[in-house]
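This briefing is meant for a reader who is meeting the structure for the first time. Please keep the sequence and the 3D view at hand while reading the points below.

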Amino acid sequence: MVAMYIETVPNRNSPPAILLREARREGQRILKKTLLNLSHWPPEQVEGLRRLLRGEQLVSLDQLLQIEQSHPHGQVEAILGTLGKLGIDPLLSSTPGRSRDLVLAMLAQRLIHPGSKLAHLRDWRQTTLAEELGMADARVEELYDALDWLLERQLRIEKKLARRHLGEGSLVLYDVSSSYYEGVVCPLAQFGHNRDEKKGMRIMVYGLLTDREGRPVAVDVYAGSTSDPETVPDQMERLRGRFQLERVVLVGDRGLLTETQIRKIREYPQMGWITALRSAAIRKLVDQHHLQLSLFDD
């Protein structure tokens with residue numbers, strides 16, 4: 001009978017020799033024969049051959065490990081990392097807490113895949129977002145409570161944004177849009193100028209105030225029946241009263257900054273405005289030779 005095995009042979013002044021050997025019995029004697037010197041093999045390769053010679057069944061790591069669950073993480077890491085660089089956490093609240101983390105989770109999920117609050121609970125468990133923010137046990141009622149918490153902090157958040165992005169002499173951009181509403185309970189949902197072209201649907205109007213780069217600073221929501229120019233006085237009060245800014249230039253389209261609103265702005269000597277002229281006003285300037293038309297040739 002012939003047997004193959006691995007033997008480690010000590011060397012006095014050198015590392016031990018690892019040899020692949022063959023042994024067979026002849027009568028009372030056992031004869032050994034060296035087949036290969038394995039001293040240069042990596043230890044794990046030697047151990048694998050040793051187990052194979054012992055008759056053990058060898059399997060790959062893929063066979064030893066079984067993936068039971070795998071959640072995408074790349075988009076979560078990118079969004080949470082960006083929110084951290086933007087300083088969103090302290091902007092919402094300087095004190096960590098459950099409500100702040102819930103708002104961050106909803107904000108991140110809206111960027112990953114927009115949906116309802118109930119859909120958020122389902123969808124953020126499909127990535128690592130719930131585990132990253134410790135929201136795996138969140139309930140839908142908590143999300144609405146967190147939104148109430150956020151609403152209560154709106155003025156403080158907007159003041160922080162104003163200090164970060166606005167100052168005396170700033171150029172402030174303002175515009176208005178609307179969203180249609182399918183229910184009838186919300187008092188703000190009323191009939192008005194529907195920009196979504198959803199006939200017969202009530203709407204809500206919202207005005208957004210930004211810095212000159214378009215970074216949002218404040219937002220207001222109005223009843224759907226509110227006309228665009230009616231929202232301008234609120235923004236003037238916000239700039240002067242809440243943000244304590246005396247010298248700013250308000251930029252808005254001609255549907256916002258009407259003659260009536262411009263007269264109100266003129267009541268504050270240090271406030272300015274930039275808007276577009278209507279076609280009739282441009283024609284009047286042309287007729288009065290106040291515009292040099294050759295300037296527009298190029």
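In this predicted model, Met 4 stands opposite Glu 22 in strand S2. Strand S1 and strand S2, which covers residues 17-26, pair in the antiparallel sense over eight bridges, and the points below start from the sheet to which these two strands belong.

**The three-strand sheet**

- Three strands make up an open sheet in the order S1-S2-S3, and their pairing is antiparallel.
- The edges of this sheet are formed by strand S1 (2-9) and strand S3 (29-37), each of which pairs on one side only.
- From one strand to the next, the twist of the sheet averages 35°.
- Helix H1, made of residues 43-53, lies across S1 and S2 and runs at about 150° to S1.

**The five-strand sheet**

- A further open sheet is built from five strands in the order S6-S5-S4-S7-S8, and here the pairing is mixed.
- Strand S6 (216-223) and strand S8 (272-274) stand at the edges with a single partner strand each, so one side of each is left without a neighbour in the sheet.
- The twist in this sheet averages 25° from one strand to the next.
- Strand S7, which covers residues 248-251, pairs with S8 in the parallel sense over three bridges, and Val 251 has Ile 274 in S8 as its bridge partner.

**The helix pair H10 and H11**

- Helix H10 (residues 232-242) and helix H11 (residues 259-266) have axes that come within 10 Å and cross at roughly 20°.
- Because angles under 35 degrees count as roughly parallel, this crossing makes H10 roughly parallel to H11.
- The crossing of H10 and H11 is right-handed.
- On the H10 side the contact is made by Val 232, Pro 233 and Met 236, while H11 contributes Gln 261, Lys 264 and Ile 265.
- The residues of this contact divide into four nonpolar, one polar and one charged.

**Confidence of the prediction**

- The chain averages a pLDDT of 89, and 98% of the residues score at least 70.
- Among the elements of the chain, helix H8 (residues 140-152) has the highest mean pLDDT, at 95, whereas helix H2 (residues 61-64) has the lowest, at 66.
- Where pLDDT is low, the predicted coordinates should not be read in detail.

Key:
Residues are numbered from 1 along each chain as its sequence is written. This is a predicted model: local features need pLDDT of at least 70, side-chain atom pairs count only at pLDDT 80 or more; totals for chains, interfaces and linings use all residues. Side-chain values use heavy atoms; hydrogens and water are left out. pLDDT is the predictor's confidence in each residue, from 0 to 100. Helices (H or I, at least four residues) and strands (E, at least two) are DSSP runs, numbered from the N terminus. Axes are lines fitted to C-alpha atoms, for helices over the stretch in contact, and angles run from 0 to 180 degrees between N-to-C directions. Angles under 35 degrees count as roughly parallel, over 145 as roughly antiparallel, 65 to 115 as roughly perpendicular and the rest as oblique. A crossing is left-handed if the near helix is turned anticlockwise from the far one by less than a right angle, and right-handed if clockwise. Contact means heavy atoms within 4.5 Å. Ala, Val, Leu, Ile, Met, Phe, Trp, Tyr, Cys and Pro count as nonpolar, Asp, Glu, Lys and Arg as charged, and the others, Gly among them, as polar. Two strands pair if DSSP finds at least two bridges between them.
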